[in-house]
Amino acid sequence: MSALPQPPVGPPGIWSFPQPKPSQLSNGIELRTYQLPGQQVVSAHLVLDVPLNAEPRDLEGVATMCTRTLDEGTLTHSGEEFPELLETEGAGFGVEVTLAGLQAVLDVPVSHLERALELFAEAVTEPALADDDVNRHVQLRLAEIEQAAANSAQTASTVFRGTVFAADGRAARMNGGEPETVARITPESVRDFYRRHVGPAGATLILAGDFTEDPTERAERAFGGWVNPDQQRIAYRPPAPGPTRALVVDRPGAVQADVRLGGLGIDRRDPRWPAITVASYAMGGAFLSRLNAVLREDLGYTYGVRMNFSPMRDSGFFAVQGSFRTEVVVDAVRRARELIDTSAQPFTDAEVTDAVAYFTGVSPLSYATADGVAGQAGLQTLLGLSDDYVDRNLALLRNVTPESAAEAYASLVRPHDLTLVVVGDAAAVAEPLRGLGFDNLDVVTR
Amino acid sequence: MFQGSANVGSGQHIALLQAAGASVNATTWFDRTNYFETLPTGGLDLALWLAADRLNSLLDALTQENLDNQREVVKEEKRQRYDNVPYGDAMQLLNSLTFPPDHPYGHTTIGSMDDLNAATLDDVHTFFRRHYLVNNAVLSIVGDVSVEDAFARAETYFGSLPPGSKPGKSTAGPLGPLTGGARAEASGRVPADAVYMSWRLPARGTRAFDALDLAFSVLGQGQTSRLHKGLVRGAELAESASATTMGLIGGNSFGFAYSRARDGVSPADLEQAVVDQVDRLRTEPPTEMELRRAKAQHERHWLHELARVDSRADAFSEYATLHGDPGLVNTRVAELNSVTSDDIAAAVSEWFAASDRAVLVYRQEQS
C-alpha cells in the first residue's frame, strides 16, 4: 500500500522562552516570576551564590551535607514534624548542588503555595542542622559513594572528570565530596558552613507556575525578613585542565566496559558554543549520528554511543561515551577515534540543517512545564546568563554553517590528544588499548 | 521497528523525525508496547505517515541482517541495564519468585540471553503479524490540533490499513496472594547487603489496588514514610528503604519493598525491620494524616504528569489501551481521593498476611 507520498514538514511555529517579571525583596533577594498559564504545579528555585570552591579543601562535601539536612527539621518544627507538614501540602522539596552554586527546590500544587512557601523558607532560613541528622547524612553519603563506585558508568564519569581537570581544583572531585573529606565532616562544620555562606546576599528566588495572584507579597513574607550578618560571598574559581591521560579502571570479569574519550570543553558564553552544539549533535547526538550509525546501527557494538559537550560556568568538558561488550570495546575505541577525526569528512549542510531543526523543535518541550522553566532560569542565574539566553542561543544556532561547525570542532576535538577512561576488565583490554597508541595507559583499581 | 519499512530506509524513521525537531523513543513493558514522538505541529503528518508505513510494511524491510544487528543492540542494552550493574538481576529474581514461570509477569520484558539468541526471523514475523494490527493499536494525539482535524489525519494515514484477527488478551486469570513464603538468596559484587520483598496485588483499575497503592505510599514513599522513618532515620539500620506498587492489568499487579543495609547491620536484622513495618500496616492502619499526605503527593505527581503534551498523550494512551477508557484520566484524582481507611484495611487484610510475600536477600560477595 502506501500510495501516499512522504508528507512535507511545515515550519515550526514561533516560540520564545518565557520572560520573567523581575523584582526585589526588601532584603535584596532578586525575585523572578514566570507566569505560565495551565501549569498547576508551581516550581520554586532558591538560587544561592555559594560555589563549591567555598568549601574548605579538607571538608569537601560539607555544602552537600548542609543542603541535604535543610529539611530535617527547623528551629520552629522538629525533624519528625517538618517533612510531614511539607508533604501534607503535597509539596516536594529537593536540593541541587553544582560547582557554580546551590539551589533549594520546591514543587507544589498552586492551591497549596502559600503554606508551602512558608515552609520552604523555614527550611532554608532557619534549619536546625542537628547533630544526629548531620551525622546520619554523612553516613548515607559514604554509602552513596560506595554505591556509585560499584556502578561502572558512574565510575567512568567520576574518574573522567577527575582526570580532565587539574587535581588541585574543586572540579576534579565529586560535587558531594570524596570519602576522605566526607568522613571528616562534623555537625559543627556544617553549621559553620551554613553561617558563613548561606544567606540572602546574591540569592535569587525563581517562581514559575499559573499563579492566581501575584506571588510577590507571599515571597516577601516568606523570604524578605531573612538576614545573615555573617554571610561571606566567595568568588567562583574556574577549573584548570589536567594532563592528558589514559586509564583503565579494572573490573575483573566485567561483561561490558564503559568508555569516556574526550577532553576540555567550553561554556555557553564561548562564541563557539552554538557551533559546537551543532557539530557534536552530528557527531554523537542524533540517532544516526556518525558515531551511533556505525557503532550501534552497523556493528551492534552498543546500545548507544554519544558525544556530549557538558558546559560548566566557565569551561566544560566533552566525551565520547558508551558501554560496549568486552570483546569489542577496543575496536570500538579505535573506530570512535577514527570517526571523530573530521579532517577528511567535513560536516555537511544536511547535518547542520538537521541539527538546527532538532534543537529548534525540542526546545518548546524542554521548557513546557513550570519545573522546566524554573530549572533553566536557575541555571541561567548560576551561570550569569541573561533572561533571554535560550532565544538568543537558538538564533545563533540558526547561523551556524558547516564551516563554523568545523572550525569550532577542530579547535576543541584533537583525536590524538584525548583523555581516555575505560572501566572494564583490564586483563582483556589494557594491552590492546596500548596498542592503539595509548602508550602511557595506567591500570588502576577503584 | 526503527530499521525501516516499505517506503522508509534503515534508521530513517528516527532520523526524519529528529530532523523535524522530534524527541522519539519506544518502550516495551509487561502490558503494552509504546511508540512515541513529540514534535512541532508542522511535523504531525510526517509522524503519522511514518507510523502507518511501519505498521503496514515493517516486514518488507526486516531482514536476517538487521534482525541480527538489533539482537546485538538489545543484548548490549541488557548488559548495560541489568548484567553490568549491581543488583541487576534482582528484578528477574523477584519476577520469578512472585509469579509462576509460564505467567506473563514471571520474567522480565527484556528476556534472557538464551531467549534473545533463539529468536528467529520467522518468530519475529509471526509476532508482528499477530500483534501489530491497526485494530490492536491505540493512537493518541495531544497538541495544537483540533479533534476533527486529528481524526481526519489519522483516517488519511491509517484508514486503509487492513485489520486482522485481534489477538485475545493475556490468558492469565487473577491469582490470589502469594502463599508459602517464597524465598531466594543471591550474592554478587554489590556494595551493601539488601533485602527485597514482593507481593502479588490485585490488577490496576480496582478499588483494592488503589487502596493498596496508598498503603504502599504510606509504607515506603518519601521522607515521612514508615520505612524511611523507621529504618533510615530512626533505627539507622538502612541507607535506604522504600516501597512501591507496579500497577498491571493482567489479573494481578506487583508490590515491592526494598532496603539496603548500613555497614554492620545483618540482612536478618534488616529483614526483620522491614517485616515489622509491613506488618504494622495491619496492626496500626494508616492514620488520617498519613492518608492525606499520600493523597496529596499522588495529586501533585498526577498534575505534573498532565503538564506536558507528551506525558499527557501517554496517560490517555495508557488508560485507553489498558482500561478501554481514556476518560479515566480525568477522574483519576477523584477516584483515588475517595479511597477510605476501611478500603485500605480490607485490602491489607486480604493481601498482606505474613505468608503473602516473597523475600529476596541479596548479599555482598566476600572477596
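Here is a short chat about chain B of this predicted model.

Q: Hi! How many helices and strands are there in chain B?
A: Chain B has 14 helices and seven strands.

Q: And what does chain B span along its principal axes?
A: The C-alpha trace covers about 60 × 50 × 35 Å.

Q: What radius of gyration would a compact globule with 367 residues have, and what does chain B have?
A: A compact globule with 367 residues would be near 21 Å, and chain B comes out at 23 Å, so the two agree.

Q: Nice. What share of the residues count as buried?
A: In chain B, 39% of the 367 residues do. As for contacts with a separation of 6 or more, 73% come from residues 24 or more positions apart.

Q: Switching to helices: how do helix 8 and helix 11 of chain B cross?
A: Helix 8 (residues 207–220) and helix 11 (residues 288–305) have axes that come within 9 Å and cross at roughly 105°. Angles from 65 to 115 degrees count as roughly perpendicular, so helix 8 of chain B is roughly perpendicular to helix 11 of chain B.

Q: Which residues meet there?
A: From helix 8, Leu214(B), Ser217(B) and Val218(B) meet Glu290(B), Leu291(B), Ala294(B) and Gln297(B) of helix 11. By class, that contact has four nonpolar, two polar and one charged residues.

Q: One more: is Thr27(B) buried or exposed?
A: Thr27(B), which lies in strand 1 (residues 23–28) of chain B, is exposed, because 11 other C-beta atoms are within 10 Å and the cut-off for exposed is 12 or fewer.

Q: How far is Thr27(B) from Asn330(B) in space?
A: They are 24 Å apart, C-alpha to C-alpha, and 303 residues apart in sequence.

Methods
Residues are numbered from 1 along each chain as its sequence is written. Chains are lettered from A and ligands numbered from 1 in the order in which they are written. This is a predicted model: local features need pLDDT of at least 70, side-chain atom pairs count only at pLDDT 80 or more; totals for chains, interfaces and linings use all residues. Helices (H or I, at least four residues) and strands (E, at least two) are DSSP runs, numbered from the N terminus. The radius of gyration is taken over C-alpha atoms; the globule rule is 2.2 Å times the number of residues to the power 0.38. A residue is buried if 20 or more other C-beta atoms lie within 10 Å of its own, exposed if 12 or fewer, and partly exposed in between; C-beta atoms are placed from the backbone. Two residues are in contact if their C-beta atoms, placed from the backbone, lie within 7 Å. Axes are lines fitted to C-alpha atoms, for helices over the stretch in contact, and angles run from 0 to 180 degrees between N-to-C directions. Angles under 35 degrees count as roughly parallel, over 145 as roughly antiparallel, 65 to 115 as roughly perpendicular and the rest as oblique. Ala, Val, Leu, Ile, Met, Phe, Trp, Tyr, Cys and Pro count as nonpolar, Asp, Glu, Lys and Arg as charged, and the others, Gly among them, as polar.
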